[in-house]
Amino acid sequence: MSQATIERYFDAFNRNDVPGMLDCLAEDVAHHVNEGNIRIGRAAFEAFCQHMARCYDETLTELVVFVAEDGTRGAAEYMVNGTYLATDSGLPEAKGQGYRLPAGSFFSLTDGKISRVVTYYNLSDWIEQVS
């Protein structure tokens, strides 16, 4: 169940299906944003997704999902293939630049839902690619 939940989450991401992603999450999900604050709850996660969709067009490839035997934790490694659409606050100006960088996510799962999402990528690498 937990591997299927994580795979469904990433499938929804690649289809730009925010409601599909939200369906994979616990109501009180803790979203640990790379280089950012922890956001609690589905509403905060949805607001983050809306912001990201305005600034970035991303597809994840080369996805590998790992899940603990007890199904309470998981991880994924993947490549982010994106286009920088609109300037994000505090970051370089967006001019439709393409980028590709490795990233990873870590998950906690409770009752078949994702209760914690932690995402990591190298921000310096991304800034170099879009500058």
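Trainee: On a 1 Å grid over the protein atoms alone, a pocket is an open set of points where a 1.4 Å probe fits, with protein on both sides within 12 Å along at least five of seven lines, and lining residues have an atom within 4 Å of a point. How many residues line the largest pocket here, and which lie nearest its centre?

Mentor: There are 36 lining residues, and Phe48, Met52, Tyr56, Glu58 and Tyr121 lie nearest the centre of that largest pocket. Keep in mind that this is a predicted model, in which local features need pLDDT of at least 70 and side-chain atom pairs count only at pLDDT 80 or more, while totals for chains, interfaces and linings use all residues. Residues are numbered from 1 along each chain as its sequence is written, and side-chain values use heavy atoms, with hydrogens and water left out.

Trainee: Which element gives the most to that lining?

Mentor: H3 does, with six residues; helices (H or I, at least four residues) and strands (E, at least two) are DSSP runs numbered from the N terminus. Two or more lining residues of the largest pocket come from each of H1, helix H2 (18-23), H3, E3, E4, E5, E6 and helix H4 (123-130).

Trainee: Switching to the sheet, what is the strand order?

Mentor: The order is E2-E1-E6-E5-E4-E3, an open sheet of six strands with mixed pairing, where two strands pair if DSSP finds at least two bridges between them. Strand E2 (38-40) and strand E3 (56-67) are the edges, each of them pairing on one side only.

Trainee: Which way do E1 and E6 run, parallel or antiparallel?

Mentor: Strand E1 (residues 25-32) and strand E6 (residues 113-121) pair in the parallel sense over four bridges, and histidine 31 has valine 117 in E6 as its bridge partner. E5 and E6, by contrast, pair in the antiparallel sense over eight bridges, with serine 105 partnered by threonine 119 in E6.

Trainee: And how many bridges join E3 to E4?

Mentor: Ten bridges join those antiparallel strands, with threonine 59 standing opposite asparagine 81 in E4, while E4 and E5 are antiparallel over eleven bridges and glycine 82 stands opposite tyrosine 99 in E5.

Trainee: Which turn residues take a positive phi?

Mentor: Aspartate 111 has a positive phi of about 50° in the turn of the E5 and E6 hairpin, where two residues lie between the strands. In the hairpin of E3 and E4, with five residues between the strands, glycine 71 takes a positive phi near 75°.

Trainee: Now valine 80: is that residue buried or exposed?

Mentor: Valine 80, which lies in strand E4, counts as buried because its relative accessibility is 8%, and buried means under 20% relative accessible area with a 1.4 Å probe and protein chains only. Leaving aside neighbours within four places in sequence, valine 80 is in contact (heavy atoms within 4.5 Å) with Glu58, Thr59, Leu60, Tyr99, Arg100, Leu101 and Ala103.

Trainee: What about the largest nonpolar core, which residues have the most contacts inside it?

Mentor: They are Tyr9, Phe10, Leu25, Tyr99, Phe107 and Ile114, in a core of 30 residues, and a nonpolar core is a set of buried Ala, Val, Leu, Ile, Met, Phe, Trp, Tyr and Cys residues joined through side-chain atoms within 4.5 Å. E5 gives the most to this core, with five residues.

Trainee: What does leucine 25 touch?

Mentor: Not counting residues up to four places away in sequence, leucine 25 touches Tyr9, Arg42, Phe45, Lys113, Ile114 and Val117.

Definitions and conventions: Buried < 20%, exposed > 50% of the residue type's maximum accessible area, 1.4 Å probe, protein only.
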